[in-house]
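Dear colleague,

I am passing on the structure that follows, together with some notes on what was found in it. Please read the notes with the model open beside you.

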Amino acid sequence: MINIALPKGRLGERAYGLFERAGRGCEEIRSPGRKLVFENPEAGVRFFWVKPSDVPIYVERGAADLGVAGKDVLLEHSPDVYELLDLGIGRCAMCVAGPRGWRAPEDATLRVATKFPNIARRHYAKSGRAIDIIKLNGSIELAPILGLSDVIVDIVETGTTLKENDLEVIERFLPISARLIANKAGYKFKFKDISALSADMTEAAGEAD
Ligand code: PRP
């Protein structure tokens, strides 16, 4: 049995669609309810829904053999896992954004609100800019509106959230998409099954493109 951690939410639903197309579906997963674990013994898979930012933890520690995680989550937490495939879904970009028309003052310390402090720190380290990171857990766009920060570092997909809050992209610096990741030991022990699944997922992701 291959244990697979899926991120709860829209990305997870789309990722599950790829597993289904790759012949590793589990019909019961589509039924509404609060159940978290779903098995298809014939296909040799067991899925479980976890919080998106927790996927790398399950995979790194071997509670899951495989998982689906955004490149944003992987770059932020740097888990010790293999990255097997770019699934080509959940495409978006890591951006610096701020109030429309706002320009950074040359020398003042920049206050940056973000869910991704490590990514933000690495980004500004390149230019040597002095920053003050304000770590938030959601609704990041509120920070510059309320004067909590000057700018935000966040993922932008359609740009709707920025637009509806009078913010704009200042810099788009990192393309993001969802990746299939594997636990290192599990990859060795279940090499044959994981390779076969990975090949079928490559095909399913190609068709979905
Ligand atoms: C993400 C991100 C932006 C939004 C971008 O938030 O933090 O707020 O999506 O998408 P858009 O460009 O298509 O508008 P998420 O939905 O994960 O919610 P959160 O604010 O709780 O983090």
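**Ligand contacts and a salt bridge**

An N or O atom in the side chain of Lys115 lies 2.3 Å from an oxygen atom of the ligand, where a polar contact is a pair of N or O atoms within 3.5 Å and, within protein, one must be able to donate a hydrogen and the other to accept it, with residues adjacent in sequence counting only if both atoms are side-chain atoms. This is a predicted model, in which local features need pLDDT of at least 70 and side-chain atom pairs count only at pLDDT 80 or more, whereas totals for chains, interfaces and linings use all residues. Residues are numbered from 1 along each chain as its sequence is written, and side-chain values use heavy atoms, with hydrogens and water left out.

Glu141 places a polar side-chain atom 2.7 Å from a ligand oxygen, while Glu157 comes to 2.8 Å from an oxygen atom of the ligand through a polar backbone atom. The largest share, three residues, comes from β9.

Glu157 also forms a salt bridge with Arg10, the closest N and O atoms being 3.1 Å apart; the term requires a side-chain nitrogen of Lys or Arg within 4 Å of a carboxyl oxygen of Asp or Glu. This pair links distant parts of the chain, 147 residues apart, with Arg10 in helix α1 (residues 10-21) and Glu157 in the loop between β9 and α6. The structure holds 13 salt bridges.

With best wishes

Technical notes: Helix = DSSP H or I, 4+ residues; strand = E, 2+ residues; numbered from the N terminus.
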